[in-house]
Amino acid sequence: MDPSRELALVDPGSRHMPPPDSHDYVNSMSPGNGHESSSSGSPISIATISSGFEKGDFLVREEKGQRVYFDFFEEAFNYIAYKGYIRMGKEDEGEWMDTMNNVHASVKGGMKYNTGKLLMVLSRPIEHEKE
């Protein structure tokens with residue numbers, strides 16, 4: 001994936017960030033300053049496990065919009081864990097859950113499709129293709 005198209009998490013508490021080409025910007029993005037997620041700044045792919053669907057009790061949503069339904073949570077978790085996803089830390093997972101809930105709530109008249117109840121957010125690093 002082109003690095004300019006990758007999703008970046010921004011600290012909502014920071015009101016001002018230096019321009020990307022400045023020395024201060026590079027220092028502000030260094031480890032341990034609160035601007036870096038637990039994935040050490042690497043691009044990540046996320047997957048979610050939700051509940052409350054007719055086709056199956058649990059739904060795994062993963063990259064490229066793939067959706068897989070399961071009757072048991074353990075099956076859903078094992079499926080996504082086998083693909084290399086791990087559960088996010090509580091802080092990152094909470095931020096993603098809040099973001100997704102706010103996005104769904106922002107749709108006037110409600111979402112067109114059943115979004116279910118979000119139970120878990122998992123991630124894995126995106127491996128860059130070697131040129």
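Guide: This is a predicted model, and among the elements of the protein chain helix α2 (residues 73–82) has the highest mean pLDDT, 95, whereas helix α1 (residues 23–28) has the lowest, 40. Over residues 3–39 the pLDDT is below 50, although this stretch has 28 contacts in the model beyond near neighbours in sequence.

Visitor: Why should some predicted coordinates not be read in detail?

Guide: The reason is low pLDDT: where it is low, the predicted coordinates should not be read in detail. For the protein chain, the average pLDDT is 75, and 66% of the residues score at least 70.

Visitor: Why is Thr 48 counted as buried?

Guide: Buried means under 20% relative accessible area. Thr 48 has 6% relative accessibility, and therefore counts as buried. Thr 48 lies in strand β1. Leaving aside neighbours within four places in sequence, Thr 48 is in contact with residues including Leu 59, Val 60, Met 100 and Leu 118.

Visitor: What makes up the largest nonpolar core?

Guide: The largest nonpolar core has 11 residues in all, among them Ala 47, Phe 58, Val 68, Ile 80 and Leu 122. The elements that give two or more residues to this core are β1 (44–51), β2 (58–61), β3 (67–70), α2 and β5 (117–125).

Visitor: Which residues does Ile 80 touch?

Guide: Not counting residues up to four places away in sequence, Ile 80 touches Ala 47, Ile 49, Val 60, Glu 62, Tyr 85 and Leu 122.

How values were computed:
Residues are numbered from 1 along each chain as its sequence is written. This is a predicted model: local features need pLDDT of at least 70, side-chain atom pairs count only at pLDDT 80 or more; totals for chains, interfaces and linings use all residues. Side-chain values use heavy atoms; hydrogens and water are left out. pLDDT is the predictor's confidence in each residue, from 0 to 100. Helices (H or I, at least four residues) and strands (E, at least two) are DSSP runs, numbered from the N terminus. Contact means heavy atoms within 4.5 Å. A nonpolar core is a set of buried Ala, Val, Leu, Ile, Met, Phe, Trp, Tyr and Cys residues joined through side-chain atoms within 4.5 Å. Buried means under 20% relative accessible area, exposed over 50%, partly exposed in between (1.4 Å probe, protein chains only).
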